[in-house]
Amino acid sequence: MARDTVETHFTEAVATLKAGARRDPAQPVRDGTTLTGQRCRELFDRQLGSRLLDVAARWLRAQNEGFYTIGSAGHEGNAAVAAAVRTTDPALLHYRSGAFYLTRSVMAGRLPEQGLRDVLLGLTASAEEPIAGGRHKVFGHPDLAVIPQTSTIASHLPRSVGVALAIERAKAIGLETAWPADAITICSFGDASTNHASALSGFNTAAYATYQGQPLPILFVCEDNGLGISVRTPRGWVETAARRPGIEYFQADGCDLAETYDAAVRAADHVRSTRSPAFLHLSTVRLMGHAGSDVESSYRTQREIRADHERDPLLRTAALLVEAGLATPEELIKRYESEREHVLRTALETTRTAKLTSARQIVEPLAPRRSELIAKISPVAAEPSVREKAFAGQLPEKDKPLTLSQAINRTLTDALAVYPEMMVFGEDVAKKGGVYGVTRGLQKRFGAARVFDTLLDEQAILGLALGSGVSKLLPVPEIQYLAYLHNALDQIRGEAATLSFFSRGAYRNPMVVRVAGYAYQKGFGGHFHNDNSIAALRDIPGVVIASPSRPDDASAMLRTCLAAARTEGSVCVFLEPIALYNTRDLFDEGDNGWLAPYAPPSRWAETHVPIGRARGYGDGRDLTIVTYGNGVRMSLRAAVRLTQDGVSCRVLDLRWLAPLPVEDLMRAAELTGKVLIADECRRTGGVSEGIVTEMLDAGFTGQIARVTSADSFIPLGEAANHVLLSEVEIEQAARKLLS
């Protein structure tokens, strides 16, 4: 294959190198460094392997056999970072981390060939690739503590901070995580990514924790090549942005292997010994353009490109070896050529491996759910003495019937008592007990290590959950209002939902995200406190969306979500209707029809609701009203008035908005042949659209109508009633459908 100018420059420049006096390989490769000659030679081989993977990626692309060309050329100095840390330190890596990955693979006892083959299988979308199985090209491996990242920006930084928090929080709780107790988290990224909101969230959270004296062992590694594709990073900007209170700053020439190694050792030792964050700033170059399709000569001068060739880290390491008398130019060129032939031959072999061949095979890792296992785990309770202590001797099942908020509180208490790895956190959840008191008393009962307040940043909250979950804890973060979730939705869409998919379940991030949501707060708070948009959640593959309306359902469904997260790594969003938190009555004032006695977790009682099962009310044969959330109470009230006029109704509470309970839906629909969907969300993108589609796909031939809230934000005061679904509208729509 034709050679890139980077290749030809390397071999030509190596040929001109002058040998120096031979040094002892066990001694420093040059004066003033701790990098030995032997280690330098080993790392050169890993750098060389990484460079040739980039060559192979472009060759494969030219043959239409490769599908990813963003490479690591110019960033091979990160081999020294890998050498400076332990193979058991969790690493969340930049997409230019080929040399880091190959180095860690060998340090973990694998053959050099194995790491190379891992990456080549990823480039060719092979189903035999060991982490993503052909779903994406990522750096990741369960045996190497490398957590795969598909982000090309910085959305993994909040998770990385969460991993660091989990390492320390687990020690405080007295538990083990997936990582050693003295591990540190490695998080690498590019210079352009430091400007991204998720990066700023990660840096700020780390600084915020350290400022308060909380341990947070994370090493941020910025590989600064000065470019975000074609946009230049201003000189000095990364250092200026990196210097934050509580985060120690280290810097090195990332093209100089020895200097990078020494700085990385110092930075890693600082993080490990002080249990506090550090920022390692590596100045690198970007060779071969951003990706194979990038023509960098359209935005860079030839002089700039040639200057980067002179700083080529592979060439600089070759010079170290030659000047130390540990290799000759001829040996290195011969090594380059033989390894090049070997990598290209292996690349060709990977094109002949199995590929993903069906949709079923592709989606298999998305949402594995063994319903029988979830059903077995859901009703597990703590020992009686532990429960007595958790509830201060006042067991809720012996108390009067509960409201929705009280039921959730008692269920969280039971869960914290039985799952020692469970943590509840978010804004105001600790001493205050949440804006609506749902978590009141939990911190007092279970301690500040397990129930704690966070800073006001939804990306940070979800990032802490992501990092805790992948570390084998059970996070239950609270998002204070549904509208606030949109600020950080990519942490669920791009991070939480994809991890199991892109690691074939080798890495999972179980979590139950509690969200106070929906409207009907009598005009109080405006649209931020009355948001009724969940469309952006419903189209995320694999995510479970629970939407309880009654206290008894809330308890059973929350247990199901916790069990699914704990056993299957499920990502669950638990939408709690704010307007129903403290509702007591159903039809008449004082009837207490919306209260329910607390059913404790028990193997002998029905305290578990399977994912995707609805709940029916009534046995009418004229009309089925399908609804959820606040719509359940409104529909039941409307149904009573319809019944008084001789209309025989049944109401179906979906309970689960993803996956929808299609079997129960169709059964209830077929019983009447007429279906009214009462959807409190917006008409466009609302749940009703999905319900109608599912019914038609399933062959329903009866009549369908829907009544929804308007396509509008929710205004203040009485004006809110003009855009929100009402009982009157449900009743009117029902009569129209029946007429």
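A pocket here is an open set of points on a 1 Å grid over the protein atoms alone, where a 1.4 Å probe fits, with protein on both sides within 12 Å along at least five of seven lines; lining residues have an atom within 4 Å of a point. The model is predicted: local features need pLDDT of at least 70, side-chain atom pairs count only at pLDDT 80 or more, and totals for chains, interfaces and linings use all residues. Residues are numbered from 1 along each chain as its sequence is written.

**Pockets**

| Pocket | Volume |
|---|---|
| Largest | about 610 Å³ |

The largest pocket has 21 lining residues; Asn225, Gly226, Thr233, Arg235 and Arg311 are the closest to its centre. Helix H8 (237-242), strand E8 (278-283) and helix H10 (302-310) each give at least two residues to this lining. Helices (H or I, at least four residues) and strands (E, at least two) are DSSP runs, numbered from the N terminus.

The second largest pocket is lined by 23 residues. Nearest its centre lie Ala519, Tyr520, Gln521, Lys522 and Ala579. Helix H23 (residues 630-644) supplies the largest share of that lining, 3 residues.

**Helix H4**

Helix H4 (residues 98-107) is mostly covered, with 8 of its 10 residues buried (under 20% relative accessible area, 1.4 Å probe, protein chains only). Among the buried residues are Phe100, Tyr101, Leu102 and Arg104. Their cover includes helix H2 (37-62), helix H5 (112-123) and strand E3 (185-190). Just after H4, Gly109 takes a positive phi of about 100°.

Methods
Heavy atoms only, no water. Points joined across faces, edges and corners; volume = space filled by probe spheres on them. Buried < 20%, exposed > 50% of the residue type's maximum accessible area, 1.4 Å probe, protein only. Contact = heavy atoms within 4.5 Å.
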